[in-house]
Each structure stands twice: as C-alpha cells, then as structure tokens.
Amino acid sequence: MIYLKTDEEIELLRENNLLVSRALAEVGRHVRAGITTRELDKIAESIIRDAGAEPAFFGYQGYPASSCISVNEVVVHGIPGGRVIEEGDIVSVDLGTFMKGFVGDSAYTFAVGEVSAEARKLMEVTKEALRKGAAQAKAGNRVGDISAAVQEYAESFGFGVVRELEGHGLGRKMHEAPGVPNYGARGRGPLLKEGMVICIEPMITQGNRAVVFERDGWTVRTRDRKLAAHYEWAVAIRRGGPDILTDFNIIEQALNN
C-alpha cells in the first residue's frame, strides 16, 4: 500500500530531513583521520537527541547504533565501532530521525583529506546520478524513470550499480512502498502520484556491482573490495516536479567553513 501524504505531513517530513541534514553536516565536520566510526556515531546521536528527536536507526530490526557508517569498500550498513578513519578514505554516513510521528532518512559520502582522483570521480558521479534520478520524481512519471536515469548515468562512466539494495517510500515508517531501485526501464514500475514521498539513494561501485553481505547481518561490501559511494535524498512528488526535503547545501556549507 502506497500512502499519499498531505501538505502538513510533508512539512513534518521536511522538518525531519532538515534535521538529518544538520546532523550529517556536524558529523562531516568531524570526519578526519584518527577518529573512530563509533565516535562519529556518538556525535550524530547527540545532534539528533538534542533536537528532540529519536535516532530512527537505533534498534531498527535489531540494529545496534544510531548511524550507518560505511568506509571505502563498505557500500551501506556499516556498524560504527573501533575502525579508525584514515587519510584518503571515503566515508558514507546514513542517518535517520523519528520526530513528531514521521521519519527522516538521508546519506552523504565524505572525503577524508586528499582522496584519489578515482575516488573523487566516483563520489561526483554518484551524487550527480542522484540529481538525475530525482529530476524524474514528478507526478505522472513512473519509478522506472528514476531508476533508469540513475543507472544510465552511473554506468556511462563504467561504474557498477548495486542491485540488491534500493530506495523506498518514507513516512511514518522508514521503509514504505514503493521500492525505488537504482536500475530499471523507463515507463515501468509504480506510477508516481502527488503526495508520495520517496528516498532515492544511488549505491554505486568503482568496480564490479557484485556485493557481499557480511556475517554480522548488516554490513554490505563490494565483492572486489573496490570503493563504493552512497548519497540519499528524501523527495516529495509534486505535479510541478520534485520537492527535495533533504538539503545538501547545509552539509556542504559546513564542510567549506
């Protein structure tokens, strides 16, 4: 069942996703060589709780932390712990909030100091694939229009598009219908209607698209251990085009200060 949101509900979702953006910005300010992923998780949790929200990830299907922090070859769902961030790493941070009955969910990949040209290119292409997918998120299109836009752009650079994980609807629950794959055919899939809110989240790999699910039940990494990047927006479907509820400008301004 796909639930259409009222304008008031969309504003509550926006409030959550702007909080996620601010939390990602604060985490991003602390992403540096020598810090552990557990320390970054504590920063994220503090920002979320201080704003009067709950970390939506903590306890979700047994997940043990407030954030997913995925370094280098880890695609998504990296569990924060003792791993020390190093110069040249890329670090994907995925955060969720629960506040006023609704959920926020967004992700951003950060560079640690000077990263390789190849890593920088992967990050840029993944972020642009997100923009191209989101541009298709308007009433009257179909989910496949989003999926194809992401896939076509990422694969045009020779990068892999992960098949086993996808975006999703967002509302009172973190994962609602419809699923939003990062690959597919234009004109296929569920019809996009005004009032739908979805998360679009390209997970793009530097090499082969094959992934491995680790024994901890959460961590997903590239099989060839090459790099992966992950960016995520929450987007409301409108007749006139996408209404992006996440604000990457907040994150990027924090990084540039």
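With which residue does Glu-45 form a salt bridge? In this predicted model, the partner of Glu-45 is Lys-42, and the closest N and O atoms of the pair are 4.0 Å apart. Both residues belong to helix 2, which spans residues 37–50. With a relative accessibility of 17%, Glu-45 counts as buried, whereas Lys-42, at 48%, counts as partly exposed.

Side chains of opposite charge can pair when their charged atoms come close. In total, 20 salt bridges were counted in the structure. One of the salt bridges joins Glu-15 to Lys-100, with 2.8 Å between the closest N and O atoms. This pair connects distant parts of the chain, since its members are 85 residues apart. Glu-15 is located in helix 1 (residues 7–30), while Lys-100 is found in the loop that runs between strand 4 (90–99) and strand 5 (102–111). The relative accessible area of Glu-15 is 31%, and this residue is therefore classed as partly exposed. Lys-100, by contrast, has a relative accessible area of 54% and is exposed.

A further salt bridge is formed by the side chains of Arg-238 and Asp-243, with an N to O distance of 3.3 Å. Both of these residues are buried. Arg-238 and Asp-243 also take part in a network of salt bridges, in which they are linked with Asp-7, Glu-11 and Arg-14.

The cysteines were examined next. A disulfide is a covalent bond between the sulfur atoms of two cysteines. The structure contains zero disulfides. Cys-68 takes part in none, and the cysteine sulfur nearest to it, that of Cys-199, lies 13 Å away. Cys-199 is likewise in no disulfide, its nearest cysteine sulfur being that of Cys-68, at 13 Å. Because a disulfide requires two cysteine sulfur atoms within 2.5 Å, a separation of 13 Å leaves Cys-68 without a disulfide partner. With regard to accessibility, Cys-68 is buried, with a relative accessible area of 6%. Cys-199 also counts as buried, at 0% relative accessibility.

Conventions
Residues numbered from 1 in each chain as written. Predicted model: local features only at pLDDT ≥ 70, side-chain atom pairs only at ≥ 80, totals over all residues. Heavy atoms only, no water. Buried < 20%, exposed > 50% of the residue type's maximum accessible area, 1.4 Å probe, protein only. Helix = DSSP H or I, 4+ residues; strand = E, 2+ residues; numbered from the N terminus.
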